[in-house]
Amino acid sequence: MRYFKPLRMRLFRALAAAIRRQAPGVCVYLCMEDDEVWQDALGFRPAERGGIKLMLDEAAVRHCGLNPEGLKST
């Protein structure tokens with residue numbers, strides 16, 4: 001079951017706000033949503049930050065101590 005977009009956007013806004021209050025530096029992303037939902041719920045589109053892959057790679061480097069060179073695609 002999938003909620004209608006207006007409800008998802010409202011839910012995601014509330015969830016993102018709650019997560020940011022508790023963990024301001026954590027990478028929050030919506031893997032199966034379009035740019036409209038991202039913009040509404042998170043205040044940006046993935047492309048503005050280099051795409052989801054780059055966002056997750058940078059979060060892994062920051063929070064897990066991974067080597068950024070090891071994350072580059074070959």
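1. A residue is called buried when its relative accessible area is under 20%, exposed when it is over 50%, and partly exposed in between. By that rule Glu36, with a relative accessible area of 44%, is partly exposed. The structure discussed in this note is a predicted model.

2. On charged contacts, a search of the whole structure finds six salt bridges. Some of them are described in the points below.

3. Arg2 forms a salt bridge with Glu33, and the closest N and O atoms of this pair are 3.3 Å apart. The two residues belong to distant parts of the chain: Arg2 lies in the segment before helix 1 (5-22), while Glu33 lies in the loop between helix 1 and helix 2 (35-42), 31 residues apart. Glu33 has 15% relative accessibility and therefore counts as buried. Arg2 and Glu33 also belong, together with Arg8, to a network of salt bridges.

4. A salt bridge also joins Glu36 to Lys5, with the closest N and O atoms 2.8 Å apart. Here the pair links helix 2, which holds Glu36, to helix 1, which holds Lys5; these distant parts of the chain are 31 residues apart. The relative accessibility of Lys5 is 24%, so Lys5 counts as partly exposed.

5. Asp40 forms a salt bridge with Arg13, and the closest N and O atoms are 2.3 Å apart. Because Asp40 lies in helix 2 and Arg13 in helix 1, the pair ties together parts that are 27 residues apart in sequence. Asp40 is partly exposed, with a relative accessible area of 30%. Arg13 is partly exposed too, with a relative accessible area of 35%.

6. Turning to the cysteines, how many disulfides does the model contain? The count comes to zero, where a disulfide would require a pair of cysteine sulfur atoms within 2.5 Å. Cys27 is in no disulfide, and the nearest cysteine sulfur, that of Cys64, is 11 Å away. Cys27 has 21% relative accessibility and so counts as partly exposed.

7. Is Cys31 buried or exposed? At 59% relative accessibility, Cys31 counts as exposed. Cys31 is likewise in no disulfide: the nearest cysteine sulfur belongs to Cys27 and is 12 Å away.

Methods
Residues are numbered from 1 along each chain as its sequence is written. This is a predicted model: local features need pLDDT of at least 70, side-chain atom pairs count only at pLDDT 80 or more; totals for chains, interfaces and linings use all residues. Side-chain values use heavy atoms; hydrogens and water are left out. A salt bridge is a side-chain nitrogen of Lys or Arg within 4 Å of a carboxyl oxygen of Asp or Glu. Helices (H or I, at least four residues) and strands (E, at least two) are DSSP runs, numbered from the N terminus. Buried means under 20% relative accessible area, exposed over 50%, partly exposed in between (1.4 Å probe, protein chains only).
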